[in-house]
Amino acid sequence: MAGLISEQLTFFKDNGYLVIPGELSPGVVDELKKETGSLLNGFPLEGHPMTRFSAGGQNEEDERKHVGDDYFLGSNDKIRFFFEEGTLILPSYPPPLSLLIQPFIDAFDSTGALTKPKYLAINKIGHALHSLSAPFRSMTLSQRNKAIAEDLGFHDPRVLQSMIICKQPEIGGAVPPHQDSAFLYTDPPSAVGFWYALEDANAKNGCLSFVPGSHKWAPIKKRFVRRDAGGTGFEELGEGQGDGVRERFGSAAAEAGEKRDEEFVMGEVKSGDLVLIDGNVLHKSERNTSGVSRWIYTFHIIEGERKYDETNWLQPPEEGFSRLNEV
Ligand SMILES: O=C(O)CCC(=O)C(=O)O
């Protein structure tokens, strides 16, 4: 099975991301969307802790955060459903306007009740679609993805998480600038994201944007960990831990990078396109302010030969992370 052609590999190495048009056939996209629809319609609200996914950090009330953390932290070997937060645009509107429009833009109203049907209120589904959902499993653990991982230099590529991000019409939240290796930290960093558009993604419905080449100068400085006292947070890297720039491009590159400006380039894509994302590259996506959803599926791989420790928020299931080499 063929992986990347040399121009694609060169683009990825230079820019830290790569768009591969038409990676999924329309038939496969339809099958994955059908599965997504069934999951969204099928999950029970009873017993759900109503955990919202906040890409910006931990800003829920303590009690809700605690319940949410358990639901989130235990999702490594499950398919779980995280609601849109949807309140981010409110501060720019003074009351009473903000109070009037809130029910129409947030997944929840001020009493905590859902303002949308549940299938229109979910931000993301995760994190074990690659092992528990048959259609997502077969397109993830595939010869094609194994060949791509090999071309990217992986010896023992492990799929450690997978997600559907729905970016629902009107309430789909922004994802602030980040580097995936801060959330999926190996020492040294090795994460690569495989991001598939299940619908067209553009400036209006919140496509990705990237800082091209930032993987060469933007070191990982903090990592997302489980806290001893419970919950999650960011922790500075320890002495001698790899930052993803020094090991690959040298100390001078990392030091020069401290002074670089971040210039984002938009990555509009069509349904079926694949985007590969280096774990150090800075990327983000904006709110979906349009009336059209932006469904995507993404999974991440790490190098199994690197150290993945017990402080990472995401811990391996009993059988370990899925081995792409074994497909
Ligand atoms: O799909 C998005 O909007 C953000 C996804 C992303 O940043 C990621 O998977 O690292």
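Which residue in β4 is the bridge partner of Lys 124? That partner is Ile 165. The model is predicted: local features need pLDDT of at least 70, side-chain atom pairs count only at pLDDT 80 or more, and totals for chains, interfaces and linings use all residues. Residues are numbered from 1 along each chain as its sequence is written, and side-chain values use heavy atoms, with hydrogens and water left out.

- Buried means under 20% relative accessible area, exposed over 50%, and partly exposed in between, with a 1.4 Å probe and protein chains only.
- Strand β3 (residues 122–127) runs antiparallel to β4 and is joined to it by four bridges; two strands pair if DSSP finds at least two bridges between them.
- With β13, β4 pairs in the antiparallel sense over eight bridges, and Arg 158 has Ile 302 as its bridge partner in β13.
- Two bridges pair β4 with strand β14 (residues 322–323), again in the antiparallel sense; here Arg 158 stands opposite Arg 323.

**Ligand surroundings**

- Around the ligand are 13 residues (a heavy atom within 4 Å), of which His 178, Asp 180, Trp 195, Ser 285 and Arg 294 come nearest.
- The shell divides into five nonpolar, five polar and three charged residues.
- Polar side-chain atoms lie at 2.6 Å from a ligand oxygen for Ser 285, at 2.8 Å for Arg 294 and at 2.9 Å for His 283; a polar contact is a pair of N or O atoms within 3.5 Å.
- The protein covers 96% of the 290 Å² of accessible area that the ligand has on its own (Shrake-Rupley method, 1.4 Å probe).
- β5 (175–178), β12 (283–285) and β13 (296–303) each give two or more residues to the shell, and β13 gives the most, with three.

**Aromatic pairs**

- The count comes to 16 aromatic pairs; rings of Phe, Tyr and Trp (its six-membered ring) pair if their centres lie within 6.5 Å, with planes under 30 degrees apart counted as stacked, over 60 as edge-to-face and the rest as tilted.
- Phe 11 and Tyr 17 form an edge-to-face pair, 5.6 Å centre to centre with 90° between the planes. Phe 11 is partly exposed at 34% relative accessibility, whereas Tyr 17 is buried at 9%.
- One aromatic cluster is formed by Phe 136, Phe 194, Tyr 196, Tyr 297 and Phe 299.

Methods: Polar contact = N/O pair within 3.5 Å; in protein donor to acceptor, adjacent residues only side chain to side chain. Nonpolar A, V, L, I, M, F, W, Y, C, P; charged D, E, K, R; others polar.
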